[in-house]
Amino acid sequence: MEQLLRSQEAPALDKSRPVAYFPVRHHSPACAYHLKRAIEAYEPDCILIEGPENAQELTEVLAHPDTRAPVALYYFYRDAKGLLGEEKEDYKCYYPFLDCSPELVALREARKRSIPARFMDLPYGEILLGTAENTGVRREGEKQTYNDDYLLSRGKFLKRICEKAGLRSFDELWEKYFEIRGLYLDTEAFIRQMLTYCGLSRENSPREELLREGCILRERYMAEQIARASREHRRVLAVTGGFHTPGLLELLKLEKSREGSYLVYTGEPVELHRLTGEEQGVYPLAYSMEAADALNGYASGMPSPGFYQRVWEGLCEQEEPKGAYGRAVLEQLVRTGRQARQKKEAISSYDAICALSMARGLAVLRGKEEPGLYELQDAALSSFVKGECTLSTDMPLRILQGLNRGRQVGKLVEDALRPPILHDFERQCGKFGLKIQAATQQEITLELFAKKKHLAASRFLYQLEFLDTGFAKRKKGADLLNRRDKSRIREVWTYRFSSQVLSALVDVSMAGGTVEEAAKSQMNSRSLKSASSREAARLLTQGFLMGFLEEQNRLGGKLGQVLAADGDFFSLTEAFSHMRMLYELQELYQVNAFSELRELLGSCFQKIIQLLPSMGQVDKEKEQTCMESCLSLYQITGKRDFLKLRPILAEAFGRLLETGKVCPGLEGAVLGLLYGYEAGWEERIFKAASGYLRSAGEQQLNSAAFLRGLFYTARDLVFVRKRFLYLIDELLGDLEPEAFLGLLPELRRAFSYFTPLEIDRLAGQAAALHGVGKEKLLSGLVVSPLEYEFGEKLDAYAGKRMEEWI
Amino acid sequence: MERVVEIKPPVEVRYARELRALRALDTGKRPRNWKMSPQAVRTFLLGSHKPLIWEGEEIPVRKKYLGNDALVERCIITLAGNRGLMLVGEPGTAKTMLSELLSAAISGTSTNTIQGTAGTTEDMIKYSWNYALLLAKGPVREALVPSPLYVGMEQGILTRFEEITRTPAEIQDSLISVLSDKVLHVPELGEEGLLFAKAGFNVIGTANTRDKGVNEMSSALKRRFNFETVMPVRDVALEKQIIINEVEALALENQISMPVDEDVAELLASTYHELREGVSSMGHRIDKPNAVMSTAEAVSVYYQTMMTAYYYGDSRMDLGCLVENLVGAVQKENQEDLERLRSYFQTVVRDKGGKEGGLWNSYYEARKHLR
């Protein structure tokens with residue numbers, strides 16, 4: 001490997017040349033360090049940087065002293081004309097910058113020197129259009145980034161180098177030969193070494209593949225830009241991913257004229273599609289180290305950005321680059337030890353000393369000038385983990401991992417171009433007192449119905465939740481979506497600000513200028529997709545929680561259509577329950593949609609009535625849901641606004657019973673409801689109950705299910721009609737003991753609908769039938785308080801003694 | 001006199017040529033009293049791409065420890081430092097082999113070993129007396145019987161402590177002061193009773209974590225060691241390679257001239273891998289047996305089958321016999337493990353037989369030996 005890297009002569013930073021090339025790997029401190037030196041040595045008049053050129057206006061924002069890395073450029077492209085496929089999808093990608101990103105260093109240096117710095121790559125949309133499906137930036141299943149370092153780290157060639165050099169991965173190879181050794185080389189030698197490696201990896205990449213990935217097209221465009229700049233400026237510095245440098249050199253020819261030398265582009269000119277600002281755009285974003293970590297699915301970054309940030313800080317602080325890695329390793333070990341001690345882990349200073357000597361020893365053994373990330377991790381594993389490495393002992397490793405990842409969150413200069421939705425988000429957060437300066441988790445309690453502002457804050461948080469920003473999560477409070485805890489009047493939310501929230505908001509920024517607008521438009525588009533009334537009603541509930549008054553109408557129209565098309569009884573009844581809940585809560589939540597909801601409930605009701613008579617033979621596991629639906633229908637028809645519907649419901653119940661084949665539970669429940677509607681059904685109930693109880697075999701088992709259904713809807717029958725109690729008592733008394741025991745579990749369930757007081761009363765009455773007083777039913781031994789106290793003491797003593805044994 | 005053939009010669013004898021060549025050609029810096037530099041130790045364990053040329057001979061250095069290279073490097077550096085090395089992990093993960101290889105390379109001997117048991121006493125760790133000499137001459141160095149730890153300190157070589165967690169915790173703790181002060185007191189010898197450890201001394205301990213009857217280590221002792229957790233091999237191809245290498249070496253030592261059947265080795269490696277992980281390569285979820293499914297066990301299952309084929313059969317691996325040996329290896333703890341193995345055959349092996357046919361089919365047919 002060493003020989004290989006020293007083997008090629010390369011263009012120097014010769015000031016007489018019109019263009020100097022600086023090959024980089026993204027986020028590499030060594031590249032950034034040498035780039036700084038190269039700029040000092042070459043003194044360019046203009047710096048061209050690999051990056052989609054439609055972000056040109058944002059270079060000022062990125063290089064501004066008030067902007068704090070990590071930041072990212074967020075590119076989007078909307079395939080409105082279907083140039084990429086019939087689906088007309090949206091595409092997006094990130095281009096992150098850390099302090100140690102050479103591109104950001106180039107921008108900052110250019111600003112310092114007051115020379116122009118320009119992005120020279122194709123605009124993002126054009127890159128997409130020049131890339132074949134499922135290759136390059138259009139690869140599926142990955143978090144899309146603009147960086148293309150993957151070009152350097154693939155291929156059999158690399159695998160063989162790693163095997164031969166005894167290294168685990170490309171990242172370790174890179175660190176050994178370019179990061180650590182790179183700091184021991186002068187800038188010229190470093191560039192030469194980069195070019196050799198990049199040249200080799202390029203030789204090992206088939207040209208067809210590069211064409212498919214759009215790589216060649218981009219290089220043609222960049223070469224054109226370099227040639228153009230070399231006409232305008234005396235010395236141009238081109239900063240590109242190392243893989244492209246050999247490609248660019250091929251496309252450019254040196255020409256000399258009286259004024260001096262310049263470069264001429266020798267390839268075919270690149271033709272651009274005319275994409276509008278609507279179709280593609282770019283925004284700057286505050287980013288986070290966490291998001292930039294390669295281990296978090298960010299495919300093209302270096303892993304552990306926090307560690308390399310330390311190295312970079314060391315390089316900025318000290319004149320001498322040598323030793324920067326060793327110092328960073330020591331610092332991370334010390335910090336890990338300190339944090340571990342705070343978490344009550346027994347890591348001593350001596351452990352840190354052993355770890356450092358391990359890291360240094362490994363570096364010597366592995367032929368590295370200084371220990372790096374891999375030696376740091378190995379040292380912590382060896383010296384900090386006590387005992388077998390398991391979840392209970394690897395806390396120090398997790399702490400180190402966190403430190404190596406870094407916690408910094410970036411910040412953009414005040415007047416940076418940002419989508420309006422971000423301003424709205426920040427303004428609203430400010431208004432509701434939500435803290436977004438800290439990256440730690442926060443909590444807020446909202447008194448929904450006492451303070452108007454709290455209700456508004458709750459709506460805002462629901463909107464953010466609906467937009468999948470991952471910002472806030474409701475911890476306590478009414479869960480209307482699942483129809484649980486409806487009576488809670490307080491909500492507790494936890495929330496945490498991160499760059500992911502911002503990027504999620506930018507993702508939806510085209511849907512609206514404010515969080516509310518974006519949520520509304522998302523809701524509309526989702527409502528168009530909802531296929532069942534269950535889904536549509538859930539969406540309606542979400543809209544209700546987000547406080548979209550005027551939207552309810554439109555949504556209602558859509559829901560009406562869905563209801564008409566839905567033939568699923570359960571989906572309809574669930575929708576009905578949702579709407580009913582909203583109808584009841586609207587006053588409380590200060591949403592006024594009486595007329596729309598009434599209408600919707602009416603049509604849903606009709607639909608259910610149609611389906612109800614066919615529900616007699618419902619599956620056993622759905623029987624309970626069906627019973628609940630019937631009760632819910634009955635209850636709502638008791639409300640003043642829906643009283644007219646009750647006879648219709650009773651008629652439908654009647655039709656259901658007439659079918660003759662009704663599950664016993666449902667039959668009991670429906671009969672109970674009908675009894676509530678009209679006392680005349682009493683006889684029918686007696687008949688059915690005695691029928692069930694007097695039958696044989698399996699039918700007898702059904703009797704308990706029948707009673708359960710009956711008690712579910714009309715348990716008062718037992719109290720109001722003594723006759724019923726006699727009947728049950730008599731029938732139960734006639735049962736064989738075995739049959740009774742078989743029935744018992746189901747009977748227990750049936751009686752569980754009664755309150756404890758009612759059971760007590762019922763038991764008293766039943767006991768009276770057999771001439772026994774109520775008080776004798778539950779009589780037990782009375783224990784004196786003194787005895788009880790002694791017993792407790794004895795128990796505690798015995799427990800303590802047994803603990804000693806164990 | 002007839003030469004005694006050892007069943008298992010120590011590592012330094014088995015690889016004597018490699019070790020000599022590595023020492024002779026070693027140009028790296030050696031820690032004091034080490035027989036070779038850390039780089040050469042690494043080469044001895046992890047192999048070299050090119051054979052060594054020494055005294056006109058080509059000496060290939062094969063990779064002896066397959067698995068985690070970084071772990072080997074950490075072990076070497078630990079041994080050059082102030083702390084002892086403790087290899088922990090499930091049984092059969094080649095901890096002992098690793099410690100033997102390290103000792104042979106660093107100190108030239110792998111036999112300076114304490115074998116820990118529940119009956120290990122403090123004098124077995126430190127020193128004891130030859131009572132005849134003690135009575136005759138009184139407490140003099142001559143009458144003292146040094147333990148491997150004593151020898152290690154005296155000569156500046158590594159002491160291996162096998163199965164350290166099998167010894168009672170208070171006995172383990174007698175190592176604490178020796179490891180931190182690097183000095184052993186022998187009060188009986190009076191003024192001469194201080195043994196200072198010579199450079200090059202260190203301790204390699206091995207400890208099982210899953211076995212029954214192991215004791216916890218005190219945290220004071222833990223602090224004197226760097227721990228390395230040796231994980232079971234997670235890669236089927238690598239496990240297959242280990243089986244082949246080990247069986248070949250065993251066959252050579254025992255003069256069994258029969259080639260290793262790579263397909264059978266792969267079959268066995270997949271079986272062990274899938275039963276250990278609880279999921280098959282085709283995605284079946286299977287119950288893991290309670291017995292330890294180590295690669296060392298797989299090697300012994302293969303080797304037993306091979307011997308049966310060599311002595312009683314036609315020198316071809318018989319899958320029926322393999323299954324019988326597999327039952328012996330798996331069914332150690334309880335009857336349920338056999339049921340688990342059976343259900344593995346009835347799901348995974350059956351489906352693989354259906355899909356891949358060939359050897360897997362014959363393997364499935366051999367299920368009748370599962371009893």
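**A serine and its surroundings**

Modeller: Let us begin with S304(A), which counts as buried because 24 C-beta neighbours lie inside 10 Å. (A residue is buried with 20 or more other C-beta atoms within 10 Å of its own, exposed with 12 or fewer and partly exposed in between, the C-beta atoms being placed from the backbone.) Keep in mind that this is a predicted model, where local features need pLDDT of at least 70, side-chain atom pairs count only at pLDDT 80 or more, and totals for chains, interfaces and linings use all residues. Residues are numbered from 1 along each chain as its sequence is written, while chains are lettered from A and ligands numbered from 1 in the order in which they are written.

S304(A) sits in the loop between α12 (289–292) and α13 (305–317) of chain A. (Helices, H or I of at least four residues, and strands, E of at least two, are DSSP runs numbered from the N terminus.) Its phi is near 55°, a positive value in a residue other than glycine. Now look at S114(A), whose phi is likewise positive and near 55°. S114(A) belongs to the loop between α4 (102–113) and β5 of chain A, and it is exposed, since 6 other C-beta atoms lie within 10 Å.

Of its 5 residues, 4 are buried, so the strand is largely enclosed by the rest of the structure. Strand β2 (residues 46–52) of chain A runs parallel to β5(A), and 4 bridges join the two. (Two strands pair if DSSP finds at least two bridges between them.) One place to look is I47(A), whose bridge partner in β5(A) is A117(A).

Another backbone detail of chain A is the peptide bond from A69(A) to P70(A), which is cis, with omega near 0°. P70(A) is in the loop between α3 (59–63) and β3 (71–78) of chain A, and this leads us on to a sheet. Here 3 strands of chain A form an open sheet in the order β4-β3-β9, with antiparallel pairing. Strands β4 (90–97) and β9 (280–286) of chain A are at the edges with a single partner strand each, so one side of each has no neighbour in the sheet. Ignoring direction, neighbouring strands of this sheet are turned by 20° against each other on average. (Axes are lines fitted to C-alpha atoms, for helices over the stretch in contact, and angles between N-to-C directions run from 0 to 180 degrees.)

Within the sheet, β3(A) and β4(A) run antiparallel and are joined by 8 bridges. You can find Y74(A) opposite Y94(A) of β4(A). Helix α20 (residues 499–507) of chain A lies across β3, β4 and β9 of chain A, and it runs at about 160° to β9(A).

How does chain A meet chain B? In the model, 19 residues of chain A are in contact with 24 residues of chain B. (Contact means that the C-beta atoms of two residues, placed from the backbone, lie within 7 Å.) On the chain B side, α3 (38–46), α4 (69–80), β3 (84–89), α11 (219–222) and β11 (225–230) each supply at least two residues. With 8 residues, α4(B) gives the most to this side. By class, the side has 7 nonpolar, 10 polar and 7 charged residues. (Ala, Val, Leu, Ile, Met, Phe, Trp, Tyr, Cys and Pro are nonpolar, Asp, Glu, Lys and Arg charged, and the others, Gly among them, polar.)

Two of those helices also meet each other: the axes of α3(B) and α4(B) come within 10 Å and cross at roughly 145°. From α3(B), the contact uses P38(B), V41(B), R42(B), L45(B) and L46(B), while α4(B) brings D69(B), V72(B), E73(B), I76(B), I77(B) and A80(B). By class, this contact has 8 nonpolar, no polar and 3 charged residues.

Finally, a word on confidence. Chain A averages a pLDDT of 83, and 92% of its residues score at least 70. (pLDDT is the predictor's confidence in each residue, from 0 to 100.) Residues 1–10 of chain A stay under 50, and the model has 16 contacts for them beyond four places in sequence. The stretch of residues 295–299 of chain A is also below 50, with 13 contacts in the model beyond near neighbours in sequence.
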